[in-house]
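Take a moment to look it over, and then we'll walk through a few spots together.

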Amino acid sequence: MYDSKLPQEIQRVPESIDFPAEEEKILKLWESLNVFQTCLKQSKGKPRYSFYDGPPFATGLPHYGHILTGTIKDIVTRYAHQQGYHVERRFGWDCHGLPVEFEIDKTLGIKGPEDVAKMGIANYNAECRKIVTRYVTEWETIVNRMGRWIDFKNDYKTLYPWYMESIWWVFQQLHLKGLVYQGNKIMPYSTACNTPLSNFESGQNYKDVVDPAVTVTLPIVNDKDNASLLIWTTTPWTLPSNLAACVNAQMEYVRIKEISSGRYFIVMEARAAFVFKEGDYEIVERFPGKALEGLIYVPIFPYFDYMRKQGAFRVLVDDYVTSESGTGVVHQAAYFGEDDYRICLAAGIISKDQDPVCPIDPSGRLTKPVTDFEGQYFKDADKNIIAHLKVANRLYHQTQVKHSYPFCWRSETPLIYRAVPSWFIRVEHMSDTLQKASSETYWVPDFVKEKRFGNWLREARDWAVSRNRYWGTPIPIWISPSGDEIRCVGSIQELESLTGKKITDLHRENIDHLEIPSRTPGQPPLRRIPEVFDCWFESGSMPFAQQHYPFKNVKEFDEYFPADFIGEGIDQTRGWFYTLLVISTALFGKAPFKNLIANGLVLASDGQKMSKRKKNYPDPLEIVSKYGADALRLYLINSPVVRAENLRFKEEGVRDVIKDVFLPWYNAFRFLMQNIEVYIQENNAPFHYDESRLSQVNNIMDKWILSFTQSLLDYVRKEMALYHLYNVIPRLTKFIQHLTNWYVRMNRKRLKGKDGKEDCMLALTTLFNVLFNIIKLMAPFAPFLAEHMYQYLKTLTDTKSDSVHYLMLPEVVESLIDTKIERAVLRMQSVIELGRILRDRKTIPIKYPVPEIVVVHQDQEYVDDIKLLELYVLSELNVRALTLTTDKSRFGITLRAEPDFKILGLRLKQDLKAVTTAIKSLTDAEINDTVKRGYVDILGKRIELSEIKLIFKADDVTSHKYEVLSDNDVLVLLDLTPDSSMQQEGVAREIINRIQKLRKKAHLVPTDEISVIYKAAGDLAQVASDYKEFIETAIQATFSLDGHGAQNNAVIIEEKQQLKGNDLHLILKGTKKVSSNNVEGPFVNWLNIELYRVDSVYGNDYRKGMVLIPKGTISITDLKNEISTLFGLYSNFDLWSTNGLILNDASLNKLKNTTIYVTHVGCKLHEKITESKPFCKFVNFKENGVQGTLLLENPSGIVTLQEQQYKDVTAIWQKNTH
């Protein structure tokens, strides 16, 4: 409890922390302070940092991919704000297109355009409009819970009329530049969605499938042997549309006689062995493919026999035919393949303006004149076509083949390539311009830009932007019935002036009926074409449309364009990244962004795609509720996925962030706050953080951690300028490990004031400075935990900022950087680590002192660095003496070298043997020279020191006395021969350790005054007596046999233990008020709760807790809710008592002051251990006629209430009770 006589009150930091629960509190704090909007207000007028957010669809819930990209964007934009920029962050929604329509088609059972026509476009679009914001609330909840700051209120949606109007303007500009045309082009086509897809859409979803593969005969007209050409295809449904065959003019072809049948066939020579059975054919004649050009063959089907007049059913030549598959004679269905179309067009078999030979309807059903298979879905028709070929004696061979085939990214149905009349934007001619624009952007990682994206740009195709659909931005082209007159409208105002109608919405149902009068008197009016835009065109136009440019915000657009940063998944190289670049380059000649991060994909732990159906990944919100958003953020950012590689998501990885990063960081912070409180109490003086005190720091470890912190700030600034998030997090986590494992641990006594008031103040100021800098540095990465710590630290500073996120990134203080000290400490750490390994080898605990450590290094500077930190080496390794030398021969040490075969084997391969011999023959002097230079030249090869293993050999005298170890740089010899006094000191240290553990077990803090009473036997009693003063100095308390001076104090905790085979009884007494759970129980009814084979969110050590029942009874539902909250259980469970499964409230309320067991549903309780004592420590109180019980921990071992605070809580309880 706070002592009013003290000059300053310090808010106690709990011993443990529930990260998710604290994050929820921080969210409420941000909301109450309106922190995000306040940040924006504070940065108003500062230089702008612009950011474009790619719009997701709200027809599904966010997954780990969205959370990953959202985290990357949040970190980058938070960091930009910290650097003094004004960063607007605006959320966007993709509302149109196939994802929405496909959902409606499934729901309403719509199979094709006829069904839409029956219900009407207006009704259909109304249904689409209903679902576009289905999960907006959930999105906002999850995004906010992840700590991402983005403006949902000022969002943009692609269905807003003002957004659609800007898209019209973009398209009109492209039309005016002559970049828009209509054409029949072979396009990837989705029969399920009744619409063509762009080339980049079709490339998004390839699958391995098994298809029929048929070899079909083409009898050559008037051939001397009645020979047939053989063609091969995996799409039998295209054979009715065959118009030609194609061969490679330059390759060799053969006329073959099949021995078993006597028939003659013509195929490419390179494919003959794959087509015919071995030994069943002979080559009759060889000739180049050119010799086959013009040969006429009998059509496979008669449906398009009239095409003979245009030169159909003959052999054509083209070098796209290869020897890699098939027969070397390729079937040509002109309107079902890009090459087929090109070749048949060049041969004059088809023309651009003729009716396409494309007997398939929008839903993929075969049509007239293919009467034999009319109405059959193209994949279903395959087997019937094959049967027909067999009857007609045109089927030579039939098998199956497994190959990669494109599927519709929305409906998961196979795509077909077919001739589709579409509206295109010319892109092919822009390839060089696009590559130049892309080259002026910066990508992380850069190989994605150079390879994946660069290759796509080099092969850029004209972009089909029209879709034969309904829910989308209508293409603003009005055309005359003859097609001679076209008007491309660029704004609502223009359409109103042309039609004389008021326009409030641009969707099809509102404008399809509008007519534009012809410019030519007497001609019929122009009607709008039926197509809508590809939704990728809408999202690719967002830099302009989100600002309603050019109709509004012209100045703002100029300031925001191009964006400083965008980021999405690597799959967007053929999606949003591409469409953004095409539109912007076509309009303005430059890319719409400067910097880009492309992340990889998040997969399930087994490497498979995450699947709701397979349930092969944990729900994101479940992970957040278990470990917190900060832990998930750091796990994702500190993974290969930020380098555009794939991540196999593993829950234990998130848990490890808590264990390895957050808990050490939190413990260092808690240690600081505890010792500030100790400083105030012991010195009766306030603590106020004053940065100017740092100029007085002269302790070398203080100087090191201050320098190390500033070096970290400098590193982070440089790496973040390069958008290298993947380099920042490892360095941050490494820093926290150095802070906790080295600085805090090695300076505990100083921080506790053991070296005097002034030194303590400087040490505390140093640690405060470090942690204050780290929370500001970590704020963009772990915004919740940084805020949590800041709320404590700010009370000890002059800052008036309510949130850490109002603070700017600290500038690097060059004067605090001392690279020599950083180098010296790094070397000291190496020596200490080697010493610890040597101790571990001989299983000698650090508590037991050893006589001597010898450090050998040929560089005098290295030896001097260790001398500078001698006291720390002696203390950390608990060694009595340190010897330093540059001469290893003093200790009979010689060197020999061996290659690191794992590294050199990969590099040298066949040269390894000779190099190995040379390395092994290096003399001691040559090895010393290698160590000095860092490499050696052997047989013309430069061999790095890291590729060599150095083996130190000690003579018999040295090896008998010392343990020897090296890290290829420094050599450490450790004398582990202890004398009796060292053994006794080690036992004394063991006693100290047992007392401190007991303190922790009783949840005591350093300011809690105690006395220790001991009872010991044998040698242990002698050590306790001889080292009494040593022990008291360490524990800062009296240590006695009789408990003199502590007679009036209560027993806090006592324990009987075994130490070195002797009994040790320790009793801790003090004024701390702890209820004796052995004497009295809680004043209210209670239940012990124990998890049985069920995991707690806190880990396996925290399976026991309590539920207080002040009203006397509780329902099963309420009890389960209490248990879920207590242990973080988010799936159903059963409750058991020693009597069996608890099924109803009546049986539950018969159980009082006993133990309830929690099991998985259906799991039986086999072990029943009755526990009559409460699991958790508690305090009973009686105040002003009100009595009750407060738990000091819950679950057992996790502090929920500092006992000093209990009076404040009981006062609130009394007030509520009355």
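Is valine 1084 buried or exposed? Bear in mind that this is a predicted model. Valine 1084 has a relative accessibility of 13%, and the cut-off for buried is under 20%, so valine 1084 counts as buried. You'll find valine 1084 in the loop that runs between β38 (1062-1070) and β39 (1085-1091). Leaving aside residues up to four places away in sequence, valine 1084 touches Leu1108, Ile1109, Pro1110, Asn1153 and Thr1189.

Now hop over to helix α21, residues 620-627. Its buried residues are Pro620, Ile623, Val624 and Tyr627. Those residues span an arc of only 100° around the axis, so they lie on the same side of α21. An α-helix has 3.6 residues a turn, so residues three or four places apart point the same way. Among the elements covering the buried residues of α21 are α1 (19-33), α3 (64-82) and α23 (651-683). Where α21 starts, a side-chain oxygen of aspartate 619 comes to within 3.0 Å of the backbone nitrogen of leucine 621. After α21 comes glycine 628, with a positive phi near 100°.

Last stop: a pair of helices. The axes of α25 (residues 725-746) and α29 (residues 819-841) come within 13 Å and cross at roughly 90°, so α25 and α29 are roughly perpendicular to each other. On the α25 side, the contact is made by His738, Trp742, Arg745 and Met746; α29 brings Met828, Gln829, Ile832, Glu833 and Arg836. By type, the residues of this contact split into four nonpolar, two polar and three charged.

Conventions: Residues numbered from 1 in each chain as written. Predicted model: local features only at pLDDT ≥ 70, side-chain atom pairs only at ≥ 80, totals over all residues. Heavy atoms only, no water. Axes fitted to C-alpha atoms, helices over the stretch in contact; angles between N-to-C directions. Helix = DSSP H or I, 4+ residues; strand = E, 2+ residues; numbered from the N terminus. Parallel < 35°, antiparallel > 145°, perpendicular 65-115°, else oblique. Contact = heavy atoms within 4.5 Å. Nonpolar A, V, L, I, M, F, W, Y, C, P; charged D, E, K, R; others polar. Buried < 20%, exposed > 50% of the residue type's maximum accessible area, 1.4 Å probe, protein only. Arc of directions from axis to C-beta. Polar contact = N/O pair within 3.5 Å; in protein donor to acceptor, adjacent residues only side chain to side chain.
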